[in-house]
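Good morning, and thank you for coming. Please look at the sequence and the model on the screen while I speak.

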Amino acid sequence: MKNMPHRRFAAFPLLASMAILSLASFFNPADAQTPAQNGPALRPVVFSPDRTKFATGNENGAIELRSAEDGKQLASSDGHRGAVTALAFAGEGKQLVSAGKDGHIIVWQTDPLRELRRIQVDVNGKPAPVSCLVADGTRLFSGGDDGVRMWSLESGEQAQRLLLTDEVGEQAKNRVAATAIAWFPEKSWLIVGAANGKLYVWRGLNRPPLILNDHKQAVQSLTLAAQGSRMVSVGQDGAANLWDLALLRKSQQLPVKDGPVLSTAFLPDGTQLVTAQPVEAGGDTAQGVLQLWEVPTGRLLARVAAKRLSRQLAFDSEGRQLLGATESAVEQWPTPQPLGKERPLRAELEALTTRLNQAEATRPNVGLLEQRGYIYALLEQWPEALKDFWAAAQLDPNNNMHLLRAGVAAQFAGDKATQIDAAKRLAGLLSNDSENMYLAERVLKVCALSSPPVGNRESLKTLAANSFNRSVGLDWSAYFPSSTALLHYRYRDYDTALAHVQESRRRNNNPNFRPHLPELMNGAVESMCLTGKIKLTEAEAALAKTEALMDSMRGAPISNGANMFHDWLVAELLYLEAREAIYEMRYFPKP
């Protein structure tokens, strides 16, 4: 393995990383779960949004601003009594917020560097260390032993306090320390990593959080991609987990093998991720390895040795250079380049676009449009995926698979009109080919994705009954009762839907058949029906089995290609809907 060339004090513009460094080693609460004390205290480092400077804090309480061009110190000031534990820029970089082990939060003006206001964080009258910070516009969120607090950046007044517990509501027991924090601006969600290894997601600060299992030990950091809905969490258990925030579920656990992850950074387009892992400990920097991962697939694309790894990483605006900040220096490495025969999805996308542009002079290639739409879908670029699937359907109007994929992509893209149009066009094809049971199943699936279903109720129920009865003995016959079960769920006929789920499972007993995809639909529909019947314990158990099956199938949509990908997407949509149904019924029951 070759040492990776790198330079110090390099002049490259930075793409501000959204990673939030958590300093779990400072925890010592008496009534909260705490992470283990691992190694020396970490020095926080954070890049400014305008990519011109970075801030650091040290164990003596001092704050420094340094140039991101050459690492030169721009300003410094003493502010805390004891170690600085967290930093965050606010107000488009015009303000810097620091937190310390002394329980103080200080809001600084950055040019010139001067203290604006000081906030004291107390628990039972005693100073409480703050472990993590994130700012959003006029608000600041701080995390520590006593959970999360929201502050006004302008006044310094506490606006709200959010507690982290093992459970939510009446089941709440032990309080848990916050160890990492991030803000998802696209949906205004607050995401908190905790000492118990779980994630707490507030999708509205006046609603109970959704609690997700993440790590076996404390969550160490959370990094969001600048584009899309991907996030990576790093835990003290050494694991690095990729999250799909659109579905609020863990999509991959990266198979890191070189020890704990020190820092992470997404490329600007969010399609690839770099992890830095030390081989030899060395204070705030270490020699180690940089690994490049493909985000949608979890594939390892490149692995190179590097010197002086840092705890804060960022890319230049074009993703060509990777930069890291230590307490007093800027490191620079070329972005690791993929090795091997398989091209990354991003390169495959560029190649397909070139071929399609060349074909425009004659006639667009339907097959190429389908392939590119599939890759767009893998990359979660849903408007682009929908555009390609819909274009393929226009060019080949008698191929119902194009319309099926367009209808599913429209659901992810939030394009209700196109989803309805796709369903109606599929129904039109069926009117000219009424004996095609596979087409009938696809019509039911796309129509029933919406609530209420697209189309006339009695016509759809008649179609469901015919396809259910006439599909016995056909290949892939387990799909038919799965789709009819979904339709009956939409009409709140829960008992009929559950009976169809059981019939699908009976038909699914074919060892030569891909049994898992209809079972994913079955599990989600079963969970939603049980929620509708207010049997929440059984609904949660059914959904847990579905999630375990999804986890066992990671990579299957990639390895099997576009032919099964739309069914996987339908299963993901229903999984998300089932979990939301349980959440709403548990915390906001309707009479």
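Of the protein's 591 residues, 59% count as buried, where buried means under 20% relative accessible area, exposed over 50%, and partly exposed in between, with a 1.4 Å probe and protein chains only. This is a predicted model, in which local features need pLDDT of at least 70 and side-chain atom pairs count only at pLDDT 80 or more, while totals for chains, interfaces and linings use all residues. Residues are numbered from 1 along each chain as its sequence is written, and side-chain values use heavy atoms, without hydrogens and water.

The average pLDDT, the predictor's confidence in each residue from 0 to 100, is 83 for the protein. Over residues 1–41, however, pLDDT stays under 50. Where pLDDT is low, the predicted coordinates should not be read in detail.

The secondary structure comprises 13 helices and 33 strands. These are DSSP runs numbered from the N terminus: helices are H or I with at least four residues, strands E with at least two.

Let us turn to one strand, β9, residues 95–100. How many of its six residues are buried? Five of them are. Strands pair if DSSP finds at least two bridges between them. V97 in β9 is the bridge partner of A88 and stands opposite V107 in β10.

Both pairs are hairpins. Four residues lie between β8 and β9, and G91 in that turn has a positive phi of about 55°. Three residues lie between β9 and β10, where G103 in the turn has a positive phi of about 85°.

Methods: Contact means heavy atoms within 4.5 Å.
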